[in-house]
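Subject: Structure handover

Hello,

Here is the structure for you to look over. My notes follow it.

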Amino acid sequence: MEPKLVFAVLLLISVAVSAEYVRPPPRKTLDFPWSEKPSSHPQQVHISLAGDNRMRISWVTDDKSAHSTVEYGTSPGKYSAKSRGESTSYKYLFYSSGKIHHTIIGPLEPNTVYFYRCGGQGVEYQLKTPPDQFPITFAVAGDLGQTGWTESTLDHIDQCKYDVHLLPGDLSYADYMQHRWDTFGELVEPLASSRPWMVTQGNHEKESIPLLVDGFASYNSRWKMPYEESESSSNLYYSFEVAGAHIVMLGSYADYDEYSDQYHWLKADLAKVDRAKTPWLLVLLHVPWYNSNKAHQGEGDDMKAAMEPLLYDAKVDLVLAGHVHAYERSAWLFDLQKRVHNGNSDPCGPVYITIGDGGNKEGLASKYIDPQPKWSAFREASFGHGEIQIVNSTHAFWSWHRNDDDEPVRSDSIWINSLVSSGCLSEQKFGARKSLL
């Protein structure tokens, strides 16, 4: 049987199964007890990539005199290196944060387990660095929040043998209640302290109060990403490279028109990508540009109009978004390798995926526009997470895992060919790349 026909049959079966699926009722927001720890002990530990062969370790202490140091090594309890970092804190109306530490360690060996301790206090943590070559696996979950469904999503991600977690916005759903940033940090610490979490902001991170509080103060203080390492002027947008992938994290809530700093940074960043070295090019943002759900309909249109040409000229392979509390994937029903550009089938356009169904407190977005647009291949309002395994320079396998009470059920999957292998980057078909220069 022809591969395209096999894919089509499998897809039709998955659609039929999803139509019969009865979604369980939503779960309540979790109520976290305050954990009793010495004030100098690290809390809310999470890690992120910070340039070539380096990691940023972030944590919080109640003790304002605690040191921003990290000891680390490849054997438990034996630390052969030590790094000193920086710290910050912030006030939000009547709330005062703890001391927030950010320390970069490295250089580190790829695909290696390291043991580390923060500030010379508390328990020992361990992390695993990503590989420096294929295969590499990313876990993807947006709009997490702090509900029972969040716990289920995190449990299922923990069963995935992934190297890096990608989160396209809406982390804690603190929504001005700052202590919920602390409880979120505690909730994700078991996973976020062992694998790098690379995040971008969503609307629930904004938390601005006119004349009183600037937006993103909490997010920028707690979740520092490698924006300086990627020559960005803002923590709201940046890029990084891991193994053979270049990944761009865009800011849906930063200025993005052609006169903005983000637009000019994106144009310069895409122009520098060496597709011989990094054949895969991925983009994450919060507000989807292609969305057939009635929720948040059209909210990404202005950013799409400004930036979609840049992504097309750069030949981006995959665009991942959140915001809409449901799952949706583009590509075309009977030819899954037909991509999308400007609303039309285009073999040199990206595949678009919305995955804002991590477990938020607002529930699922279950109402869709009918008839289903031609660019939309699969859509379902269920909580879940995604995994993308980049197998080699030409092929990657995407799967979406619907939450179930006991195990994550793989409900959608697709093989994706890189545009490097498609001929789209040839001089004949890629003359538009000159616009990036």
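Helices (H or I, at least four residues) and strands (E, at least two) are DSSP runs, numbered from the N terminus. By that rule, K267 has its place in helix α5. This is a predicted model, where local features need pLDDT of at least 70 and side-chain atom pairs count only at pLDDT 80 or more, while totals for chains, interfaces and linings use all residues. Residues are numbered from 1 along each chain as its sequence is written, and side-chain values use heavy atoms, with hydrogens and water left out.

**Overall**

The chain has six helices and 25 strands. It has 437 residues, and 59% of them count as buried. Buried means under 20% relative accessible area, exposed means over 50%, and partly exposed lies in between (1.4 Å probe, protein chains only). The accessible surface of the chain is about 18,200 Å². Carbon and sulfur atoms hold 50% of that surface. The areas come from the Shrake-Rupley method with a 1.4 Å probe; for residues, only the protein chains shown count as cover.

Contacts (heavy atoms within 4.5 Å) were also counted. Take those with a separation of 6 or more: 70% of them join residues 24 or more positions apart.

**Helix α2**

How many of the eleven residues of helix α2 are buried? Eight are, so the helix (residues 148–158) is largely enclosed by the rest of the structure. The buried ones are G148, W149, T150, S152, T153, L154, H156 and I157. Their cover includes strands β11 (136–140), β12 (164–167), β13 (197–199) and β23 (384–390). Helix α3 (179–192) is also among the covering elements.

**Salt bridges**

The structure holds 13 salt bridges. The criterion is a side-chain nitrogen of Lys or Arg within 4 Å of a carboxyl oxygen of Asp or Glu.

K128 pairs with D163, with the closest N and O atoms 3.6 Å apart. K128 is in strand β10 (residues 125–128) and D163 is in the loop between α2 and β12, so this bridge ties together parts 35 residues apart in sequence. Both K128 and D163 are buried.

D182 and R222 meet at 3.1 Å, N to O. D182 lies in helix α3 and R222 in helix α4 (residues 217–222), so this pair ties together parts 40 residues apart in sequence. D182 is buried, with a relative accessible area of 11%. R222 is buried too, at 4%.

D370 and R379 form another bridge, at 2.9 Å, N to O. Here D370 is exposed, with a relative accessible area of 63%. R379 counts as buried, at 15%.

There is also a network of salt bridges, which links E86, K224 and E228.

**Around α5**

Which residues form the negative surface patch? They are D255, D257, E258 and D261. Patch residues have over 30% relative accessible area and no salt bridge; like charges are joined within 9 Å, and nonpolar side chains (Val, Leu, Ile, Met, Phe, Trp, Tyr) within 5 Å. Lys and Arg count as positive, Asp and Glu as negative; His and the chain ends are not counted. Each charge is placed at NZ of Lys, CZ of Arg, CG of Asp or CD of Glu.

D255 sits in the loop between β15 (245–249) and α5 (261–271). D255 is exposed, with a relative accessible area of 62%.

Back to K267: this residue counts as partly exposed, at 26% relative accessibility. K267 and L311 are 44 residues apart in sequence. Their C-alpha atoms are 8.9 Å apart in space.

Best wishes
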